[in-house]
Amino acid sequence: MKGVYLTVVLAPLIGSIIAGLFGRKIGKTGAHGVTIAGVALSFLMSLVAFKHIVIDGAPTFNESVYTWLISDGIRLEIGFLIDRLTALMMVVVTFVSLMVHIYTIGYMKDDPGYQRFFSYISLFTFSMLMLVMANNFLQLFFGWEAVGLVSYLLIGFWYQRESAIYANLKAFLVNRVGDFGFLLGIAAILMYFNSLDYADVFAAAPLLSDVTIQVFPGVEWSLLTVICILLFIGAMGKSAQMPLHVWLPDSMEGPTPISALIHAATMVTAGIFMVARMSPLYELSETALSVVLVIGALTAFLMGLLGIVQNDIKRMVAYSTLSQLGYMTVALGVSAYSAAIFHLMTHAFFKALMFLAAGSVIIAMHHDQDIRNMGGLKKYMPITYWTFLIGALALIGFPGTAGFFSKDAIIEAVHASDLPGSGFAYLAVLLGVFVTALYTFRAFFLVFHGKERMDEHTRTHLRESPLVVTVPLILLAIPSVLVGMVAIGPLLFGEFFADSIYVAAAHDVLARIGEDFTGALGFLFHGMLGMPVLLALAGVATAWYIYLQRPELAGLIKARFELLYRILDRKYGFDDFNEAFFAAGSRGLGRLFWRTGDETVIDGVAVNGTAKGIGWIAARIRQAQTGLLYHYAFAMIIGLLILISFYVLL
Amino acid sequence: MVFEFPNFVPALAEIFVLTMACVVLIVDLFLTERNRVITYLLSQATLLGAAVLTVSLHNNSTELTFSGGFIRDGMGDVLKVFIYLVVAVVFLYSREYLVVRKLFKGEFFVLGLFAVLGMMVMVSGHSLLTIYLGLELLSLSLYAMVAMHRDSMPASEAAMKYFILGAIASGMLLYGMSLIYGATGSLDIGVIADTLRMSPGDDMVLLLGLTFIIVALAFKLGAVPFHMWIPDVYHGAPTPVTLFIGSAPKIAAFAMVMRLLVDGLGPLHVQWQDMLVILAALSIVAGSVIAIAQRNLKRMLAYSTIAHVGFLLLGILAGTENGYAGAMFYVLVYALMTLGAFGMILMLSRAGFEADEIEDFKGLNERSPWFAFVMLILMFSMAGVPPFVGFYAKLAVLQAVIDAGLVWLAVLAVLSAVIGAFYYLRIVKYMYFDKPGDESALQSNFDMRATISANGLLILGLGIYPSGLMALCVTVLR
């Protein structure tokens, strides 16, 4: 099986290298041919692995394939840990990636950076696979950084745009903050566990649960809490949890396929995956779990509210991604790791679907993304309309769709939890459901129904997107509907993750729900009458009333709740604060070091000052060389006298 | 006093050079201008013959003759061979320059040969008198050589200064020698050393004598504050004479220091070490710093010489066998580098154009990439950049100083070397990054080109493989 796993990882990498280095030679067809072939092979091999591990029930594969170096007894290796969690992630990543590759043929058709784009997304697929298949923290970190790098490259793909450069720099910097915590966490693990291998660390973790360390003098903290929170800071950066979420909306500057692949389906879920993978560590620290829970709840609710005021269709979807990532984080916080991964999977499908559908709309609108300029697109783009609707229904958790099962499970799990903060989290996720439905269908109605607000030129050119665009939409719509019903039983309440995820008995909320679980249909009927579904329907109804029935209401509400609107419009001031405090502060600090430290002290005094000083001294001393003979003779006599008086007379 | 018939064999090379110098002097009288090249060839033949004699007489034993006033030993033989070599190259580099300026006269070569004889006597002198005799023979020849270009004001001025200051230094040397003679009762280096070893050396007369001798040696080497003559003489003298003064006599001066201070006054090491520390520190710092302010390449090289002398003193003052070997290595390498540097000036010069301003090297790379590269080797080596041999020379003496426990002095020396690197690299910068002011191709004859290339490559080769020469220095000083 080692060969299969290596193929999964290396096929996209080889495709990326060929498309990247020889893109000009092989042309557009060659570039998308080779990368799609690589990713398709990778997808097929992932299916083989999935069948091997999940269906045939093969034991977990945990082997290193290459030893980079051994230093002081610590082995730095490349290795694969393939269990059910990994196998599931591999399938999701390669499937969405394959869809995005195909879709890109249509979306990027006329872009001069066509080959470069394919090289990047294949490289991303490689990096993400390295991340999820890692069996040690070093490789995890490698994948973590590599996906960050590719994300940076892709957000700034249109590098002539000022805003794209701003956005990719912002994404990179915010992720550095998270990575800093992540790296500290890994360092702490290396320091106390003396190994970077998952298996070693997880085995040794219970023994170290009582160890405390002093981070600040006089304050004793549990070692595992510190490690878990540090690792979670990394996850906050990558999975865009408050307050490190600010980069994700701006990342929509990248081409839409990227938004679908990286900033919705896969990379942003790396943090969720990582925490689930580290469940044996998190289960040992309730403090860390509470932190995770509260951060997730805040993100889920507050970011959803922001979705309501967005006018850019992609930004609306981006805020919804933030909110949904918050739901996953909440699930992690209440130890419902399986629910988090379940939601991750369903979200990957329906969010990729929504992004690609939004992209289809954007193509038709000639790259105008403002929903105020759309309306009535239903009759021009039926396939896009229906697939978008499926995505939207899944997103709001309409009964029967994939999103319903996963989100309802999370809400139930939070309800069942008694961790500190779970009461607040329950309220947040419940209200979040209403908000989600409101902003999703606000956008849906504004785009596809109502008056046609675009200009005449655009209207005459409106038409359904080509097959390369619509086929991935349809292919993604299928799992968006079905995967929930199929997967809920084994994933949440079965033994699927028994080997991959460890949940302490006291935290096992899913087991408590599972006692009443009779099957997907039972869950469905039970949920139909529950609060979440009612709230979702209320949200849809509100959106329908405000934006279709009484369009003038929106303006009235906006005027009435001026202050609230402004707060939302300023995105709670996170960006302004970062800009004013961190960005301006660092620039000020940099300027201080530059002007005072570098220019004045180092360049001015130390370097040029020394040189000038010596030059000055040289110019002075050379005056002693007067050219007058008696001065020379005098100098000799003085020298003689000094030597005599120092060494003979004294 | 019983007159004992001396053994002439150890001094055969000296006798040969003396005879040949006289022969050249006579022969030259009968030559017309056109045939002057015979003088040149005879001089080169003399040096070659002396080298053959010295090498064939070489053995590892030490021989004394002329009642103990003359010594032939391994160190002396090696130094003499290097003196022949260096002077031969000086003659070769100078020929074209002298011909073009109508200075190609027999005097230059005859005086040069007498200077060589003086140096040989200095190297082999084993009594205060012999050493003094050799020194005076050398000095008088040099004074005359500086003044050879009679119509040149700067040359005459330089000769005058050199002569007067040299006379003062010679006077001090004689005075110091007389005090030593008074204190020990002998002129023989070996006897002086034995006497000093018997009695403790805190005698005031001895110390005074030592101080005077050191001042005289410092003058001959050009150590601060007895260095004042060097820039003026280097600058004023015709370039071939500067080349002559700057190269071989330093080797002889090193030998004189070894004979007087180490062989003779070695028991007073503690006393003279302190004085040399002061001289070395001042020389290194002043030489490195003042050179920065120079625009004339000959003056710059004069200050660079002063700094190099400081480094040379580092090896000697350490007072260990490794230190002496390092100093000997340094002086030989220094002579080779000086040859190359002045050789480049000579090669670039033409009728009416001296090429001794630093700016004259601007854009040399465009005019002649190969010779720009040779100059680069020389400058890097002088600055002490590995892998050129100048680095190993500095390394050897610095190691000796550190072993002697004078770390601060080593640090000072290294810092000064960094400052010194500036003006060497400035020339490299001029050669490679500036536009030439003069686009004409280099004109010089084949032997000049070949020798200067070999000179540069030798610096590079010795840098890559320094252990052979180093081993030689260590062996002969044991």
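What should helix 6 of chain B span at 1.5 Å a residue, and how far apart are its end C-alpha atoms? Some notes on that and the rest of the predicted model follow.

1. Ground rules. This is a predicted model, so local features need pLDDT of at least 70 and side-chain atom pairs count only at pLDDT 80 or more, while totals for chains, interfaces and linings use all residues. Residues are numbered from 1 along each chain as its sequence is written, chains are lettered from A and ligands numbered from 1 in the order in which they are written, and side-chain values use heavy atoms, with hydrogens and water left out.

2. Helix 6 of chain B. The 32 residues of this helix, 153–184, should span 46 Å, and the end C-alpha atoms are 46 Å apart, so the two agree. The expected span here is 1.5 Å times one less than the number of residues. Helices (H or I, at least four residues) and strands (E, at least two) are DSSP runs, numbered from the N terminus. At the start of helix 6 of chain B, a side-chain oxygen of Ser152(B) comes to within 3.2 Å of the backbone nitrogen of Ala155(B). Just after the helix, Gly185(B) has a positive phi of about 80°.

3. Chain totals. Chain A has 27 helices and four strands, and chain B has 20 helices and two strands. Of the 650 residues of chain A, 56% count as buried; for the 478 residues of chain B the figure is 64%. Buried means under 20% relative accessible area, exposed over 50%, and partly exposed in between (1.4 Å probe, protein chains only). As for contacts (heavy atoms within 4.5 Å), take those in chain A with a separation of 6 or more: residues 24 or more positions apart account for 79% of them. In chain B, residues 24 or more positions apart likewise account for 79% of the contacts with a separation of 6 or more.

4. Strand 1 (residues 61–71) and strand 2 (residues 74–82) of chain A pair in the antiparallel sense over nine bridges; strands count as paired if DSSP finds at least two bridges between them. Thr67(A) has Glu77(A) as its bridge partner in strand 2 of chain A. Two residues lie between the strands of this hairpin, and Asp72(A) in the turn has a positive phi of about 55°.

5. Aromatics. Over all chains there are 45 aromatic pairs. Rings of Phe, Tyr and Trp (its six-membered ring) pair if their centres lie within 6.5 Å; planes under 30 degrees apart are stacked, over 60 edge-to-face, and the rest tilted. Phe388(A) and Phe448(A) have ring centres 5.3 Å apart and planes at 55°, so this pair is tilted. The pair links distant parts of the chain, with Phe388(A) in helix 16 and Phe448(A) in helix 18 of chain A, 60 residues apart. Phe388(A) is buried at 0% relative accessibility, and Phe448(A) is buried at 1%. Phe5(B) and Phe8(B) give an edge-to-face pair, with centres 5.5 Å apart and planes at 80°. Phe5(B) is exposed at 65%, whereas Phe8(B) is partly exposed at 35%. Ring pairs also join Tyr385(A), Trp386(A), Phe388(A), Phe441(A), Phe444(A), Phe445(A) and Phe448(A) into a cluster.

6. Charges over rings. The charged end of Lys407(A) sits over the ring of Tyr327(A), 5.1 Å from its centre. In chain B, the charged end of Arg95(B) sits over the ring of Tyr40(B), 4.9 Å from its centre. The test is NZ of Lys or CZ of Arg within 6 Å of the ring centre and within 35 degrees of the ring normal.

7. Backbone spots to look at. The peptide bond from Met242(A) to Pro243(A) is cis, with omega near 0°, and Pro243(A) is in the loop between helix 8 and helix 9 of chain A. Val224(B) and Pro225(B) are also joined by a cis peptide bond, with omega about 5°. Two residues that are not glycine come up for phi: Phe66(B) has a positive value of about 50°, and Ala355(B) has one near 60°. Phe66(B) is partly exposed at 34%, while Ala355(B) is buried at 1%.

Notes: A polar contact is a pair of N or O atoms within 3.5 Å; within protein, one must be able to donate a hydrogen and the other to accept it, and residues adjacent in sequence count only if both atoms are side-chain atoms.
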